[in-house]
Amino acid sequence: MTYVIHGATGAQGAPVVAALTAAAKPVTALTRNPDAVVDGARVVTVDHTSTEELTAAYRGADGVFVHLPVTSEEDRRTQAHHIVAAVRAARPARVVFSTSGAPIDAGTGGAAAILAGGLADAGVSHAVIAPTFYLENLLMPYVVDAVRERGVLPYPIRADFPVSWASHLDIAAVAVALFDRHDVTGVVSVGQFPAITGPDLAQAFGAHFGKDVAFEPISPEQMRASIAPVIGEGPAADVAALYAAMSTLPDRAITEENSAQKLLGIQPRTTDQWLAEIGL
């Protein structure tokens, strides 16, 4: 028996691996890189578009942690269909899926919605982790460099747009807890509550760096141009489109009712705590 972790060498999967291995849990790290080395884990190379390979990896697992990569939406949908098919075939004891902030309502037809809906129909014990924005997004060069060089924190949201920010470290803590808490099903929202605004973020960064930092709203197109050299043109365009769609919403705040705070007793990090912990 083992815990199977997608993206085990990446920003979201690696903290889950670390938390499980620290608890002396057996871990199988799924990767597309045959040369990958993951401390404390058995590494298995899989093709994420192969139902057969995924089924073999999931079979007999105590838990599977799933999230979709930052790639084109078409590729993400393809992977979602194969993951669902493999879950149905292998029937692991528990599946925990992080939406990575993508919408999961059936009306969107997006990859995350396909995966969430497929898990619900598969008849396997599962839970869906629903973060809003990741604090790690603020480590992108276009943000950090602007804070250091110009004393501004740029981000593609309105100044009055409240967000329940969360760290990848918070997601890992919730995922590990959900592997043991089969009584908690459905959607678990992860993020700061109450939500905070862009100027609140800038204030926390200013306190951390010991300087005045102002919040600077930018457009999704400006964000796209800034992140494309890092993640690629296609994924950057998809991310920008997501932010453009979200600009019509009043907020990206979680509710207390289905929060990790209430359901699991896990309190996500504040921005100040996160900045201190990562040693930026």
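Does Val46 count as buried or exposed, and at what relative accessibility?

Modeller: Val46 counts as buried, because its relative accessibility is 6%. Buried means under 20% relative accessible area, exposed means over 50%, and partly exposed lies in between (1.4 Å probe, protein chains only). First, some ground rules. This is a predicted model, in which local features need pLDDT of at least 70, side-chain atom pairs count only at pLDDT 80 or more, and totals for chains, interfaces and linings use all residues. Residues are numbered from 1 along each chain as its sequence is written, and side-chain values use heavy atoms, with hydrogens and water left out.

Now the surroundings of Val46. Val46 sits in the loop between β3 (42–45) and α2 (51–58). Helices (H or I, at least four residues) and strands (E, at least two) are DSSP runs, numbered from the N terminus. Leave out residues up to four places away in sequence, and Val46 touches Leu30, Thr31, Arg32, Glu53, Leu54 and Ala57. Contact here means heavy atoms within 4.5 Å. Take Thr31 from that list. Thr31 and Val46 are 15 residues apart along the chain, yet their C-alpha atoms are separated by 6.2 Å.

His6 lies in the loop between β1 (3–5) and α1 (13–22). Its relative accessibility is 1%, so His6 counts as buried. The side chains of His6 and Tyr58 are joined by a polar contact of 2.6 Å. A polar contact is a pair of N or O atoms within 3.5 Å; within protein, one must be able to donate a hydrogen and the other to accept it, and residues adjacent in sequence count only if both atoms are side-chain atoms.

Gly13 takes us into α1. The buried residues of that helix are Gly13, Pro15, Val16, Val17 and Leu20. They pack against β1, β2 (27–31), β4 (63–66) and α6 (168–180). Just after α1 comes Ala24, with a positive phi of about 65°. Ala24 lies in the loop between α1 and β2. Ala24 is exposed, because its relative accessible area is 68%.

Helix α3 (residues 73–90) packs with helix α4 (residues 111–122) at an angle of about 10°, and their axes are 8 Å apart. Axes are lines fitted to C-alpha atoms, for helices over the stretch in contact, and angles run from 0 to 180 degrees between N-to-C directions. The two helices are therefore roughly parallel. That label covers angles under 35 degrees; over 145 is roughly antiparallel, 65 to 115 roughly perpendicular, and the rest oblique.

Pro235 is 162 residues away from Glu73 along the chain, but their C-alpha atoms are separated by 7.8 Å. Pro235 is in helix α9 (residues 233–246). Pro235 is buried, because its relative accessible area is 13%. Setting aside residues up to four places away in sequence, Pro235 touches Val70, Thr71 and Ser72.

Last, the whole chain. The protein chain has eleven helices and nine strands. Buried residues make up 51% of its 280 residues. Of the contacts between residues at least 6 apart in sequence, 76% join residues at least 24 apart. The C-alpha atoms fill a box of roughly 55 × 40 × 35 Å along the principal axes.
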